[in-house]
Amino acid sequence: MKFETLAIHKGNTNSDKNNPVVQPITLSTTFHHGEGEMLYTRANNPNRQSLEQVIAVLERGEDAAAFSSGNAAGTAVFQALEPGSHIVAPDDMYHGLHNSMTMLFKGVHEVSFVDMSNLEEVKKATRPNTKLFWVETPSNPLLKVTDIRKISELAKAQKALLVCDNTFATPVFQNPLLLGADMVMHSSTKYFGGHSDILGGALVTKSKNDFWEKIKTVQKVGGAVPSAMDCYWLCRSIRTLAYRMKGHAEHAMILAEYLSVHPKVEKVHYPGLKSHPGHEVAAGQMSGFGGIVSFQIKGDAQRADQFISHLQLFANATSLGGVESLIERRAAVEGPDTKTPPNLIRISVGLEHTDDSLEDLDHAFSKV
């Protein structure tokens, strides 16, 4: 079956005796002994089982584990590593997981933050105790592109894990497991949810190995799992994922091209543009370039803030992946240690008509 068909049917496992077309929500936290495979909803739940099944299928993996947030999913990987492990991670990775590495696991693991789009830098950062290469491609918020195949070769030679945060690309446009990654991570809050109203995360594994069993133990014992209601809504949203992503990518390209020739824009970061340094790599491992565009306005942070304040359709808000367009000056929310340029603006391009979006941008640019 093709992606669109799988997205609609593989998250709709129905065991209700009334045989409804849509799987019902199982809110019970406990189940009768000896009557089925369910025992306690922290360990398993019919709706979570359906969610994990559809995400695993779409990512071409053997199994999936759903979590209560993207940060919980990523943190589960760090928890499963042996203490004293060395991690190589992107220097511009999502700040929530960056904080998890540097705050929660300070003194437990060692981390080297490097430009993962530069293979030589990754090689130089590798140590004898390197156990994990963490890839985020395209990255957040600079949209750097990492060659997953090349990092995979390095990881295999090191006998280390390669985990790819695929939140920006989604399995619609990129399948890291087919490119050599061992595991994929998602913030399902973003495009999987698609409507800015569900919090969640997920991990997908290429194979059920010993490390995956540790992940499942962290999920079950740690208990950072999504509710049955959240799983139900995620399954429903995933049904339209392919069509939403095509719209996001189409609109993002239009906005990126508009921004790339605007006289008040210093630089545009979007892998779909041929001027992007990672365009060729992205074109070789992605079937679409996603719905996030970052750009640097000419001027300082104050000018960037002024520009955002004049927008009507773009909500000045954190997060991404919803049908509505969101915009923010990224450095303002990442804290004092951010390496993001102060004039960089990140847009989560929504599904509004692009004529209206461009008119709104024109108006804001005219005011700064």
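Colleague: How many salt bridges does the structure hold?

Modeller: Side chains of opposite charge can pair when their charged atoms come close. A salt bridge here is a side-chain nitrogen of Lys or Arg within 4 Å of a carboxyl oxygen of Asp or Glu. The structure, a predicted model, holds 11 salt bridges. One of them joins glutamate 110 to arginine 127, with the closest N and O atoms 3.0 Å apart. Glutamate 110 lies in strand β3 (residues 110–114) and arginine 127 in the loop between α5 (119–125) and β4 (130–136), so this pair ties together parts that are 17 residues apart in sequence. Helices (H or I, at least four residues) and strands (E, at least two) are DSSP runs, numbered from the N terminus.

Colleague: Into which domains is the protein divided, and how many salt bridges does the rule find across their interface?

Modeller: An automatic or database domain assignment supplies the bounds: domain 1 covers 3–236 and domain 2 covers 242–367. Their C-alpha centres lie 26 Å apart. In terms of contact (heavy atoms within 4.5 Å), 31 residues of domain 1 meet 39 residues of domain 2. Buried area is the accessible area (1.4 Å probe) that two parts lose on being put together, summed over both. Between domain 1 and domain 2 it is about 2,800 Å², and carbon and sulfur atoms give 61% of this. Leu143, Phe173 and Tyr191 supply 27% of the area that domain 1 buries against domain 2, more than any other three residues. Across this interface the rule finds 1 salt bridge.

Colleague: How is the packing of helices α2 and α9 described?

Modeller: Two packed helices are described by the angle between their axes and the distance between the axes. The axes are lines fitted to C-alpha atoms, for helices over the stretch in contact, and angles run from 0 to 180 degrees between N-to-C directions. Helix α2 (residues 46–58) and helix α9 (residues 228–238) pack at an angle of about 35 degrees, their axes being 8 Å apart. Residues of α2 including Leu51, Val54 and Ile55 meet residues of α9, among them Tyr232, Leu234 and Cys235.

Colleague: Which peptide bonds are cis, and where is phi positive in a residue other than glycine?

Modeller: Most residues other than glycine have a negative phi, and most peptide bonds are trans. The bond from threonine 137 to proline 138 is cis, with omega near -5 degrees. A cis peptide bond also joins asparagine 140 and proline 141, where omega is about 15 degrees. Proline 138 is placed in the loop between β4 and α6 (148–158), and proline 141 lies in the loop between β4 and α6. Asparagine 19 has a positive phi, near 55 degrees, and lies in the loop between α1 (3–9) and α2.

Definitions and conventions:
Residues are numbered from 1 along each chain as its sequence is written. This is a predicted model: local features need pLDDT of at least 70, side-chain atom pairs count only at pLDDT 80 or more; totals for chains, interfaces and linings use all residues. Side-chain values use heavy atoms; hydrogens and water are left out.
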